[in-house]
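Here is a short report for a first look at this model.

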Amino acid sequence: LLFRRSENGKDYLFRMNREGSALAKVFPNPIIKVGNLSPGGRWVRAMVPLKGTASTAEVAIPTQGGEAKQVCPGLCSSKWSLDGKLFYFSILDNNTEYRDKAVEIPVQPGELPPSLPPTGFHSMREALAQPRARLVDIPSTGHVAVSLFVPGPEAGSFAYVKTTNHRNLYRIPLE
């Protein structure tokens with residue numbers, strides 16, 4: 001089992017066996033938020049504070065120990081497809097060409113992109129430079145597109161959140 005546990009006012013990523021034995025810290029640095037687990041359970045995504053700054057980064061942490069890999073600095077989102085063969089990435093990008101889009105990157109099942117830069121992807125263009133990467137449309141509400149969808153069982157199928165506000169002539173919300 002993987003879980004977040006607080007120690008001295010900071011949260012850390014831990015693992016243990018189902019019966020509660022073999023409690024161990026997976027990652028030595030504090031975490032802010034835990035994301036999804038890769039198919040096969042080899043990696044878990046997490047948001048972490050960057051040392052010496054007020055900034056954050058999204059990282060992929062190996063669940064059985066080893067060095068974490070930075071996916072991106074700042075606010076981005078990434079997910080694996082259900083079969084683990086595709087990795088989806090999105091970051092807030094000033095380029096309107098990438099609005100409501102994510103980069104779909106073929107990977108070995110449950111792995112990270114093969115040419116992930118040491119400090120992660122800084123733009124959608126960098127992610128698109130991956131072998132066989134392509135842009136996919138993800139309906140969104142103006143946030144990081146990837147955080148609002150879940151890849152379906154087949155490439156190109158997604159479940160996503162779409163919200164609508166109903167207001168009257170005076171912009172008063174209607175229930």
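Contact means heavy atoms within 4.5 Å. Leaving out residues up to four places away in sequence, Phe87 touches Val71, Ser78, Lys79, Trp80, Val103, Glu104, Ile105, Val107, Glu111, Leu112 and Pro113. This is a predicted model: local features need pLDDT of at least 70, side-chain atom pairs count only at pLDDT 80 or more, and totals for chains, interfaces and linings use all residues. Residues are numbered from 1 along each chain as its sequence is written, and side-chain values use heavy atoms, without hydrogens and water.

A nonpolar core is a set of buried Ala, Val, Leu, Ile, Met, Phe, Trp, Tyr and Cys residues joined through side-chain atoms within 4.5 Å. Buried means under 20% relative accessible area, exposed over 50%, partly exposed in between (1.4 Å probe, protein chains only). The largest core has 19 residues, and Phe87, Phe89, Ile105 and Leu112 have the most contacts inside it. β7 (69–73), β8 (76–80), β9 (86–91), β10 (101–106) and α1 (124–128) each give it two or more residues. Helices (H or I, at least four residues) and strands (E, at least two) are DSSP runs, numbered from the N terminus. β9 supplies the largest share, 3 residues. Another core, of 11 residues, lies apart and includes Phe27, Val44, Ala46 and Ala57.

The C-alpha atoms of Lys85 and Val48 are 25 Å apart.
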